[in-house]
Amino acid sequence: MTQEPKYKRVVLKLSGEAIAGEKGFGINPLVIKEMVAEIKDVYELGVEIAIVVGGGNIWRGNIGSEMGMDRAQADYMGMLATVMNALALQDVLENNDVPTRVQTSIEMRQIAEPYIRRRAMRHLEKKRVVIFAGGTGNPYFTTDTTAALRAAEIEADVILMAKNNVDGVYNADPREDASATKYDNLTHLEVISKGLKVMDSTASSLSMDNDIPLVVFNLNEPGNIRRVVLGENIGTTVSGK
């Protein structure tokens, strides 16, 4: 018997670092193929999937600050990096028979559609995966904020925050502190007040104000995206106020 997904429409937040894999830089073909296989598995459950992708595998803002670059300029470069990742992801998805559209916050008609909320929702209804690239289109905002904003706009049921080698939210960095303890459930307000590094404060506030739940889980464990969508209790769930 086919299991019924807990969530019908999701925003999957992928970091650029996840696409780089162990190399830490650029696009790792093996990693992106494994990632797409997981996404296709969820797509075949009938779940409507939107993806927000970061760009840290190609460009990081701290490189710009080390160069003495203007913050806005560095952020625009980061937005362009997310477009490169989105196009790579689209190509692999479509090679695996998953219809996909890329929408960018910064208009670049030759390679992607401009972000239009109603069009994005129509694509999802027509069972196309939509990849939101270019961040919010504004400097000083992260792709975490993009995920929260787009989730609110397209009326997503949940944000799936896929993390590299971390299986949830801890009270300290588990890679540095062996005594760090994991939270199974948190409220958005607790995340903000405790200063937990789940997503930036702007994104947390936006998720809280629009009552959008968040599930933080380990992307590197095969089948985890499917498990979360089916409602298995893995990772950390952040919800409510």
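Predicted model: local features only at pLDDT ≥ 70, side-chain atom pairs only at ≥ 80, totals over all residues.
## The annotated span

The UniProt record, an unreviewed entry, lists residues 8–218 as "domain: Aspartate/glutamate/uridylate kinase". In the model, that span is 41% helix and 19% strand, and its end C-alpha atoms sit 21 Å apart.

## Helix α4 and its ends

Take a look at α4, which runs over residues 71–95. From first C-alpha to last, its 25 residues reach 37 Å, close to the 36 Å expected at 1.5 Å a residue.

Both ends have something to show. At the start of α4, D70 brings a side-chain oxygen to within 3.2 Å of the backbone nitrogen of A72. Just after the helix, D97 takes a positive phi of about 65°.

## Salt bridges

The structure holds 13 salt bridges. One of them joins R117 and E155, at 3.5 Å from N to O. R117 belongs to helix α5 (residues 117–125), while E155 is in the loop between α6 (143–153) and β6 (158–163), so the pair ties together parts 38 residues apart in sequence. R117 is partly exposed at 31% relative accessible area, and E155 is exposed at 52%.

Two other pairs are worth a click. R109 and E107 have their closest N and O atoms 2.5 Å apart; R109 is exposed at 66% and E107 partly exposed at 48%. D173 meets R175 at 3.4 Å, N to O, with D173 partly exposed at 29% and R175 exposed at 62%. Finally, R9, E48 and K127 are linked in a salt-bridge network.

Definitions and conventions. Residues numbered from 1 in each chain as written. Heavy atoms only, no water. Helix = DSSP H or I, 4+ residues; strand = E, 2+ residues; numbered from the N terminus. Expected span 1.5 Å × (residues − 1). Polar contact = N/O pair within 3.5 Å; in protein donor to acceptor, adjacent residues only side chain to side chain. UniProt positions renumbered as here; feature names shortened; annotations may be inferred. Salt bridge = Lys/Arg side-chain N within 4 Å of Asp/Glu carboxyl O. Buried < 20%, exposed > 50% of the residue type's maximum accessible area, 1.4 Å probe, protein only.
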